[in-house]
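Please look through the sequence and the model shown below, and keep both at hand while reading.

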Amino acid sequence: MSGELEQILLQLTQPDNAIIQQATAQLKLAFKDPAIIPALCAVMTGSQNSQIRQSAAVMLRMRVKKHWKKISPDHRESLKAVVLQAFQQETEHTVRHSLSQLSAVMVKHETPDRWPALFTLLNQSTKSNNPMDRQVGLLLLSKVVESNPEPFKPHYRQLLQLFGTVLRDLDNPTAMYYSILTLTAMTAYTGTEEMNLMRSLIPTLIIALRHLIKADQDQASEAMEVFDELMESEVSIMVPHITEIVHFCLEVRTRNTTLTDSLRVKALSCIAFLIRLKSKTVLKQKLLNPILQTVFPVLSAAPPPGEEDPEDEENSNEDDTDNESPKHFAAQVIDTMALHMPPEKLFHQLMPLTQACLASDNPYERKAGLMCLAVLAEGCADHIRTKMLSSMLQTVCQSLSDSNQVVRSAGLFALGQFSEHLQPEVSKYCAELMPLLLGYMSALNQAKIGHVTKAFYALENFLENLGSEIEPYLPTLMETMLSALSNAENLKLKELAVSAIGAIANAAKEKLVPYFLPVIESLKGFLTDTRDEMRSLQTQALDTLSVLARTIGKEVFSPLAAECVQLGLNLTNAIDDPDLRRCTYSLFSAVSTVSPDCLNPHLTAITTIMLLSLKSTEGVTVSQWDKTFVLLDDDDDDEAQGDTILDEEGTDNVDPDIAGFSVENAYIDEKEDTCDALGEISVCVCGFAFVSLTMHSVSPSPQFPHEDVRRAAFVAMGQFCRAQHKVWQENPTEADHQALQKLLGVVLPSFLEAVHSERERQVVMGVLEAMNAVLKACQGEALQSPGRLQEISQPLTPSPVPLQTVCQDGGGDEADDEEQQAEYDAMLQEFAGEGIPLLASAVPAETFQPYLNELLPLIMNKLSYTVADRSFSVGTLGEILQSLVNVSGGRACAGKLSNQLLPVLVAGVRDSDSEVRNNSVFALGALAQAAGPLVARDYPMMLSLFSNLLSKEQDRRVIDNLCAALCRMIMSNMEGVPLEQVLSMHIHSWDVIPGLCLLETQNTLVMLLRDVAQRHSKEFEVAMKSLPAEQKMKLTGAVSQS
C-alpha cells in the first residue's frame, strides 16, 4: 500500500487541478483502510522525495489529532518509535519541522512519562556536542513543550539550566531561537521554585536576542514575545531587570542597521506593556526621559517620499485599528504613559519635547506635537482641565488654519479627543470653537473626504456634550446636515451627516423636534435601500435612530416604536452583517426605554438572535502554518462523527498548524453591544424567564479575551440582578425572592473575583459601577448571604494599601509617593469609594459600624494629597453621613463620628478649591441632618462658618449646598438655630436663590419656610417685615402654595 500511497501524494503536488481532485478522491478511499497508519509511516521514512515525506508527516499528524482513540495500541507504539527514528535520520529542515509537529500532537495523548524514548532523545540531542544535533533537539523540545507544557513541569529546573547554556552559544542563533520559544511556552506554568533561576536568565536572554536580531529579524521578533509572556504571567521576574529590558528595546528602535517594522513595533509594544504594569519602577529608574527621547523621533518621522502615513491617506478608515506601524505604537507608548503615570511627573519631561515639535517648521513634527496632545487627553484629563486647557486649546485651534493638511487633520483629531475627554470645561469655549468647526462644514463638497471625516469627528465629539448651548447653532447645523442627506453624491458624506445628527440630538434633545420629520424620512429611505454599497450608511442610520429614540421625547417617538422594532427584525433576517446586527440590538434597547410594550410581542425572536450573536464564533480567523490538506481534513470529519476532538481530561487539542486566532473588530463590537442591549432590555421589559435565559448565555462572556466584551458582560449581569429585583418587588412571591437570591449569589461573587484578578482597569471600573448599581437597587437583599457585607467592603476600600488589585501597579518594594498617582488609578478608587455610602444605607448602622471604623482612616488619609483626592474624601464622607439619615441607629452613629469629622469638614469649607468647599458644605449639612441634636453644641460654630462663607462665596454650587445645609440644620434641630437671624439671611437671598440653586434645594427651602411659617409664625413675620413689598409678595406666594 505504501507504494500506491506515495504515488497519490506525488499527484497532489502536481500543478493540475484535475489530477489533484482525482488524487484527493483516491486518498479519501485509502484513509478508510486500517493499514493507513503503517503505510504513511513507511512513506515518511522511506520516500526519496522530501516533499512526499513531509506530506506523509502532515497527514499522520492530522490522523493522530482527530482519531488517536481509533488507532490500535500496537500501531500507537509502532508510531512512537517510527517518528523518533524518522526525526533522527531526517536531513531536511521542513520535514523535521513537520515531524516535530507530529510529535507535539502525540504528546497531547501520550504524555512524556508514557513515552520514555522521547525523553531519551531530547536529553541526548539537546546536550550533544554537535551544534546541528543540538539545534534539531531544541526544535523538537520547543514543539512538544509548547503543545503540552504542564507534564514537563518536573523538568523545568533542568530545562532552565539547559537554556542558560544554549543562550550563551552565540554562534548558534537557531538553537537560541528554539530555546526562547520553549521558555515562552513554559512561563505561564513556572512555579516559585523556578523563579530565581528564570530571573537570573534575563541578562543572558537580552544578549541572545541582540545576536538573534543580527541573524534573523523575523525569528527575533517572534522570540521577543517571551517578554510579553513574562509580563503577563510573572512580571516580578522582570522587575530587577527593567532598566536593561527598556534599554534593549530602545536600542532596537535606534540601531543604525535596517530593522523590520515588525521588530521595531515589538520593541515599542514591550515598552508600553512595561509602563502599563510597572510605571512606578520606570519612573524610579529614571527611564522616562530615555523612552521619550527615543519615541519622539519615531512619532515625528516623515513617511518615505511619495507616501503618506496610513491615517492621512484619502481612503483611510477612521475605525481601522490594524495600523501596526512604528509611528502608531510610538503614540501608543505616550498614551500608556498618560494612563499610568502621575501627570505632574510626565508633563515635566514630555511638554518641552512637545512644544519643540509644535514650533517646528517641519509639518510632520508639528503633527507629532498635536498627536501627543491628543493622546494625553484621556489619561491626564483632570490635570489638563485644571491647569492647561486654555493654552492647549489655543494651540489646537491655531493648527486648524495651518498651511499643511496633515497638520490640520492632526489638529482636528486633537480637538475631537479634547471634546471627548475634557468635558465639561472644553464646552465653555463654544464661542471660539464653533465658528471654526462650522467653517469646515461650509466647504464639505470641496474638501477631500478623508479630511472631512476628521472634521466630523471633532464636530461630533464637541456637539455631543454641548447641551443647551447648541441652540444658537442648531439652524445652521441642521441645514448643513439635511442638505448633505438630500444632495450629496458621496455616500460617505451622507453617512457622516447621519452620524452628526445623532450627536446634535444628544445635545439638542427636544429642540430637534422641528427637524424630526425630514430626518426620519431620510433615515427610512436609507434603511429600505437593499444595495450592498448602502450597508455602512444603513448601520449609521440605525445608530442615529437609536439616539433619536432616547432624546427626541417619548411623545414624538412612541408612534414610530413598533415600526422600528419590525424594521430591525426584517434587517437582521435579511442581512448577515455584524455591524448592522449590533446597531439593530441598540435600537431594540433604545425602544425599550420609550415604549417597552412594543417589544413584548417580539421578545422571543429578539432574544433568540441576540443570544446567537453572543454564542457565535463567526469572525474568528484561524491562521495556519501549513494549509496543505486542509480541505481533506475537513471532509474527513464525516468519517469521525462522534469522535471527540478532546482528550480524556477534556483538554483542548491544539492544532500545531494553527499559528493563532484573531477576532474581527466588528464581531467584538457586536458581542459588546449585545450584552449592553440585553442588560437594558432586561430592566425595561423585565420578566423572570427573560432574565434567566439571558443570564445563562451572558455569564460566560466575562472570560472573553477582549476587555470591552468582558466589561459589557459584567454590566449586563448587574442589570439582570436589578431586573429580577424589580420582578420580585412587583410580584413579591417566595419563588421570585429565591430567584433573586440565586442570581445575586452568582453575580456578586463574580464581581468580587473580577475586582481582585482582572488586569484591565476599565473592566474593573465597569464591575465596580455595576456592583454599586446592584447595591443601590437591591439594598439589603444584596447582603443577605453570610459574610457578603465583609466581602464587598474590602474591594470598596478607596486606597491601594489594604487591597491591591491586579490592575493597579503596587510598585513593589519601590512604592512611590502616594500623593502622586495616575489619574485612572484615582478614578478606580473613586468608583470603589462610591460603594461605601451604598453599603451604609443598606444595613443598620450598628452592623456597618465596624467596617466604617476601618474605612474612615483610609478615606481621611487622602485629605493631605491632591485637590481631587481632598474633594473625593470629603464628598465620600458627606455621602456616608447622608446614608445614615434613614437607617436604623444612624443618628447615634453620626453622633459618634462628629468629633472625628467636624475638624476635617470645617477645614474643607475653608479650602481654596471650590469643589472641596462644595463637598465640605454638603457634608456638614448631612452631618447636622444625620446627628440632629447630638451636634447641637456645634451649631453656633457651623452657623458662623456658613455666614462668613456666604458673604464672600462666588461659586453657585457652593451657595446652593450652603442653603441646603442650613435647611437641614433647621429641620433636624430647629431649637438649636436662631431662627429670626437665619431666616432673615435666607429670605433676603430669595431673589437670587431661584436662579442660583438646584431644584432640590429650592424645594427644600420652600418646605422649610412653609414649616417655619406654621410652627414659628412670630419669628417668620418679624423676618418678613424687613423685606421690600415685591420680595415679600413673591415669598408669600411661594410659601402659601399647596
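Leaving aside neighbours within four places in sequence, Ala-331 is in contact with Leu-299 and Val-375, where contact means heavy atoms within 4.5 Å. This residue of the predicted model sits in helix H18, which covers residues 326–340; helices (H or I, at least four residues) are DSSP runs numbered from the N terminus. With a relative accessibility of 12%, Ala-331 counts as buried, a term that stands for under 20% relative accessible area, while exposed stands for over 50% and partly exposed for what lies in between (1.4 Å probe, protein chains only). The C-alpha atoms of Ala-331 and Leu-376 are separated by 9.8 Å, although these two residues are 45 residues apart along the chain.

Because the model is predicted, local features need pLDDT of at least 70 and side-chain atom pairs count only at pLDDT 80 or more, whereas totals for chains, interfaces and linings use all residues. Residues are numbered from 1 along each chain as its sequence is written, and side-chain values use heavy atoms, with hydrogens and water left out.

**Another buried residue and a buried helix face**

Ser-592 is placed in helix H31 (residues 578–594), and at 1% relative accessibility Ser-592 counts as buried. Not counting residues up to four places away in sequence, Ser-592 touches Leu-599, Glu-680, Ile-681, Cys-684 and Val-685.

In helix H3 (residues 36–46), the buried residues are Ile-36, Ile-37, Ala-39, Leu-40, Cys-41, Val-43 and Met-44. These buried residues of H3 pack against helix H1 (2–11), helix H2 (17–30), helix H4 (50–67), helix H5 (73–89) and helix H6 (93–109).

**Helices packed in pairs**

Two packed helices are described by the angle between their axes and the distance between the axes. Here the axes are lines fitted to C-alpha atoms, for helices over the stretch in contact, and the angles run from 0 to 180 degrees between N-to-C directions.

| Helix pair | Angle | Axis distance |
|---|---|---|
| H26 (474–487) and H27 (491–508) | roughly 150 degrees | within 9 Å |
| H44 (890–909) and H46 (939–952) | about 15 degrees | 11 Å |
| H5 and H7 (116–126) | about 15 degrees | 10 Å |

H44 is therefore roughly parallel to H46, since angles under 35 degrees count as roughly parallel, over 145 as roughly antiparallel, 65 to 115 as roughly perpendicular and the rest as oblique. The contact between them is made by Leu-902, Val-906 and Val-909 of H44 and by Met-941, Met-942, Leu-945 and Leu-949 of H46. By class, this contact has 7 nonpolar, no polar and no charged residues, where Ala, Val, Leu, Ile, Met, Phe, Trp, Tyr, Cys and Pro count as nonpolar, Asp, Glu, Lys and Arg as charged, and the others, Gly among them, as polar.

H5 and H7 are likewise roughly parallel to each other. Leu-84, Phe-87 and Gln-88 in H5 meet Ala-117, Leu-118 and Leu-121 in H7, and by class this contact has 5 nonpolar, 1 polar and no charged residues.

How do H26 and H27 run, parallel or antiparallel? They are roughly antiparallel to each other. Their contact involves residues including Leu-474, Leu-477, Met-478 and Met-481 of H26 and Ala-497, Ile-501 and Ile-504 of H27, and by class it has 12 nonpolar, 1 polar and 1 charged residues.

**The core and the backbone**

The largest nonpolar core has 320 residues, and those with the most contacts inside it are Met-44, Phe-227, Ile-291, Leu-376, Ile-504 and Leu-512; a nonpolar core is a set of buried Ala, Val, Leu, Ile, Met, Phe, Trp, Tyr and Cys residues joined through side-chain atoms within 4.5 Å. Helix H16 (residues 261–284) gives the most to this core, with 13 residues. Not counting residues up to four places away in sequence, Ile-504 touches Leu-463, Ile-470, Leu-474, Leu-477, Met-478, Met-481, Lys-509 and Leu-512.

Most residues other than glycine have a negative phi, and most peptide bonds are trans. Lys-509, however, has a positive phi of about 55 degrees although it is not a glycine; Lys-509 lies in the loop between H27 and helix H28 (516–527), and at 38% relative accessibility Lys-509 counts as partly exposed. Lys-286 has a positive phi near 55 degrees and counts as exposed, at 68% relative accessibility. A cis peptide bond, with omega about 5 degrees, joins Gln-423 and Pro-424, and Pro-424 is placed in the loop between helix H23 (405–421) and helix H24 (430–441).

How values were computed
Helices (H or I, at least four residues) and strands (E, at least two) are DSSP runs, numbered from the N terminus.
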